[in-house]
Amino acid sequence: MEETTAHIDFIAASYAAAVIVIGALIAWVTLDYRGQRRMLAELEAQGITRRSEPAHGAPAIERVKEQAKEQA
Amino acid sequence: MALSDLANPSRFLRVADRLIPWLGGVTLLLFAFAIDQAMIAPDDYQQGATVKIMFLHVPSAWLGMLCWGLMSVAALGTLVWRHPLADVTAKAAAPIGAAFTLLCLITGSLWGRPEWGTYWVWDARLTSELILLLLYLGVIALWRTVEDPSRAARAVAILTLVGAIDLPIIKFSVDWWNTLHQGESVFRLGGSTIDPTILTPLLIMTAAFTLLFVVLLLAAMRNEILRRRVRTLHLMQANAAS
């Protein structure tokens with residue numbers, strides 16, 4: 001038991017470092033995913049999609065051009 | 001479904017969306033079991049309780065090297081076959097590999113202080129591991145420097161393949177040079193030199209870390225595909241407005 005408690009600070013610091021590094025990785029992928037999804041949703045809400053033949057009729061690039069003309 | 005079918009990013013997204021929650025759950029359970037096994041493992045006769053740091057240090061070192069190996073295969077995919085997911089894999093893997101390499105160096109230092117009396121020595125194994133971290137940081141910086149993803153991918157692929165030279169140096173540094181770092185003890189000809197009471201929890205923890213790596217990589221690849229879609233849409237929007 002003496003051995004177990006002798007270097008407890010170093011052991012605790014190692015496990016704390018692991019929690020921080022792995023936690024940072026999980027937070028990074030989670031927040032990044034939400035950010036990308038949000039941006040995609042915003043663009044799609046503006047009618048800009050990757051589909052060459054979207055459900056709304058005209059190809060996406062044509063609709064974007066029309067929107068740009070309207071804004072101009 | 002053939003593995004090559006996953007080369008389609010849309011199909012990859014569908015598979016990743018389904019796999020990530022399940023794999024995440026299994027990873028969590030495996031980690032709970034691994035931590036339990038690590039905590040009840042006996043102290044080492046020489047290292048004492050600090051052997052518990054090895055349950056983090058060894059898997060981190062393994063993943064740091066595995067990740068660069070994976071990036072090297074992806075680099076070949078980018079340069080030779082121009083595989084659509086190759087540079088996505090390489091870009092997504094780099095920060096994860098860097099994080100595990102950093103964790104390896106931190107836990108190694110924290111183990112070294114009570115065992116060697118110092119946090120750091122310019123030993124061949126430690127130095128080559130530090131070089132691996134610097135290579136990861138170089139790759140991440142290069143991805144950020146070149147705006148066009150396909151041009152960045154080719155430059156990164158070349159750097160990755162050159163950097164792969166560091167992997168055998170890390171692996172065999174303890175054999176080639178007289179190092180303070182201990183010699184190979186887990187995977188070696190003639191079997192492991194570690195007692196099963198410590199080796200078993202170490203292997204379980206390594207499996208948990210590896211599964212975590214897979215989940216993080218899938219999630220990061222999914223993010224990278226979405227980021228490229230956002231970029232494409234922004235370009236379409238900008239082209240239409242000009």
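1. A crossing of two helices is right-handed if the near helix is turned clockwise from the far one by less than a right angle. In this predicted model, the crossing of helix 2 of chain B and helix 7 of chain B is right-handed.

2. The geometry of that pair comes next. Helix 2 of chain B and helix 7 of chain B pack at an angle of about 40°. Their axes are 9 Å apart. The two helices are therefore oblique to each other.

3. Which residues make the contact? Helix 2 of chain B brings Val51(B), Met54(B), Phe55(B), Val58(B), Pro59(B), Trp62(B) and Leu63(B). Helix 7 of chain B brings Ile198(B), Pro201(B), Leu202(B), Met205(B), Thr206(B), Phe209(B), Thr210(B) and Phe213(B). By class, this contact has 13 nonpolar residues, 2 polar and no charged ones.

4. Now the contact between the chains. Chain B gives 33 residues and chain A gives 29 residues. On the side of chain B that touches chain A, two or more residues each come from helix 2 (51–81), helix 3 (86–116) and helix 7 (196–241). Helix 7 of chain B gives the most, with 16 residues. The side of chain B that touches chain A divides into 21 nonpolar, 6 polar and 6 charged residues.

5. One loop residue deserves a look. Arg82(B) lies in the loop between helix 2 and helix 3 of chain B. Arg82(B) is not a glycine, yet has a positive phi of about 50°. Is Arg82(B) buried or exposed? Arg82(B) has 12 other C-beta atoms within 10 Å. A residue with 12 or fewer counts as exposed, so Arg82(B) is exposed.

Definitions and conventions: Residues numbered from 1 in each chain as written. Chains lettered and ligands numbered in written order. Predicted model: local features only at pLDDT ≥ 70, side-chain atom pairs only at ≥ 80, totals over all residues. Contact = placed C-beta atoms within 7 Å. Helix = DSSP H or I, 4+ residues; strand = E, 2+ residues; numbered from the N terminus. Nonpolar A, V, L, I, M, F, W, Y, C, P; charged D, E, K, R; others polar. Axes fitted to C-alpha atoms, helices over the stretch in contact; angles between N-to-C directions. Parallel < 35°, antiparallel > 145°, perpendicular 65-115°, else oblique. Buried ≥ 20, exposed ≤ 12 C-beta atoms within 10 Å, placed from the backbone.
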